[in-house]
Amino acid sequence: MAIILQVVNRSGQVLHTARYSKTRIKIGRGFDNDLILSDPYVDPQHIALELDPVTQEINCVDCGSENGVWINRPKRHKVAGVEKVLSGQAINIGKTTIRVFTTNHIVVPAALLSAWEMFYSQVSRPAVTFLLVFLLFTLIFVNGYLDNPAMSQLHKLVPEILFLYLAAICYGGVWALIGRTFKHDGRFAVHFAVALIAIIALQSYRIASPIIAFNLGLVSGIPWLETAVYGGLVFAVVYFSSTLATYMRRAVKISFCMALPAVFVILRFIASIDSNEFQRQPPYEKILVSPAWNFRSGIESDEFLDQARLIYQNDEVEQDE
């Protein structure tokens, strides 16, 4: 029976795996060891692992090390001289962690590939990333023109573009780090592309919202519609990234992803309570869109004035009462 040693980092990622058929394996910084480590906190001859050919048991022998030897499971404790090591247990020497296995140790089955693997591979392609960046660049300039058609210096939109790209990069970097920690798989390009897709969806909403609000008569509901769209996109993006980067259970994941959208709803509710009906400089909403975008029939100016006069008269009657 052989002994398998795995050197792992703090997050459990395997850095090195070796198989030994010897009955005594020496570990340390010295060049005469079977497993040579570069950890400065490890002695030249730190420990030895001895395999009993009769009982097939593995014993860990401390070779008089300065910093000692620690075994993690079932409870972390220091080795005093010689101690038995079970297959699957981890040994700490210096700042190095070594997992010890025997050849008959049961290995967990392979993890199932996600049904989204094809999507992951497609969105992480450089051509797709470049297309998303170009599309976002175009939508930002379109929104800039619709917000202020008289603006001739479109270079003023460059800070917004840089900020959004930087936000997408930071988002991808954070989730790649989380994925590297929990699943040993960063996938920065996928998280970055998903962030770009979400920002593109928000920019598209900014273009479409005044058209939808005008034609469906939802002008007063634009703030709540905006909250619903923003919250839904945040929930979807964070849920996707947390699924890709962690092993969180569905209930925990949904609760985690609902936190930020809930903040949006609370802030919108507070704003709706504190907002004044009349403002000195009311916010500009892009409701006056091109006639080609108006799908409902308009009214004549005389009819509009009659309706306004009727509303004014009803308001006066209510005030008199």
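This is a predicted model: local features need pLDDT of at least 70, side-chain atom pairs count only at pLDDT 80 or more; totals for chains, interfaces and linings use all residues.

Residues are numbered from 1 along each chain as its sequence is written, and side-chain values use heavy atoms, with hydrogens and water left out.

Back to the strands. β1 covers residues 3-8, and β11 covers residues 96-102. Strands here are DSSP runs of E, at least two residues; helices are runs of H or I, at least four residues; both are numbered from the N terminus. β1 and β11 pair in the antiparallel sense over six bridges. To count as paired, two strands need at least two DSSP bridges between them.

β1 has another partner, β2, residues 14-20. That pairing is antiparallel too, over six bridges. Gln-6 stands opposite Thr-17 in β2. β1 and β2 form a hairpin with five residues between them. Gly-12, in the turn, has a positive phi of about 90°.

Is β1 mostly covered or mostly open? Mostly covered: six of its six residues are buried. Buried means under 20% relative accessible area, exposed means over 50%, and partly exposed is in between, with a 1.4 Å probe and protein chains only. In a regular strand, side chains alternate between the two faces of the sheet. In β1, Ile-3, Leu-5 and Val-7 point one way. Ile-4, Gln-6 and Val-8 point the other way.

Now the rings. How many aromatic pairs does a search of the whole structure find? Eight. Rings of Phe, Tyr and Trp (its six-membered ring) pair if their centres lie within 6.5 Å; planes under 30 degrees apart are stacked, over 60 edge-to-face, the rest tilted.

Phe-137 and Phe-141 form a tilted pair, 4.7 Å centre to centre, with 55° between the planes. They are four residues apart in helix α2, residues 126-147, so about one helical turn separates them. Phe-137 is partly exposed at 39% relative accessible area, whereas Phe-141 is buried at 19%.

Next, Tyr-205 and Tyr-230. Their centres are 6.3 Å apart and their planes are at 80°, so the pair is edge-to-face. This pair links distant parts of the chain: Tyr-205 is in helix α4, Tyr-230 in helix α5, 25 residues apart. Tyr-205 is buried at 11% relative accessibility; Tyr-230 is partly exposed at 27%.

Finally, Phe-119, Tyr-120 and Phe-240 form one aromatic cluster.
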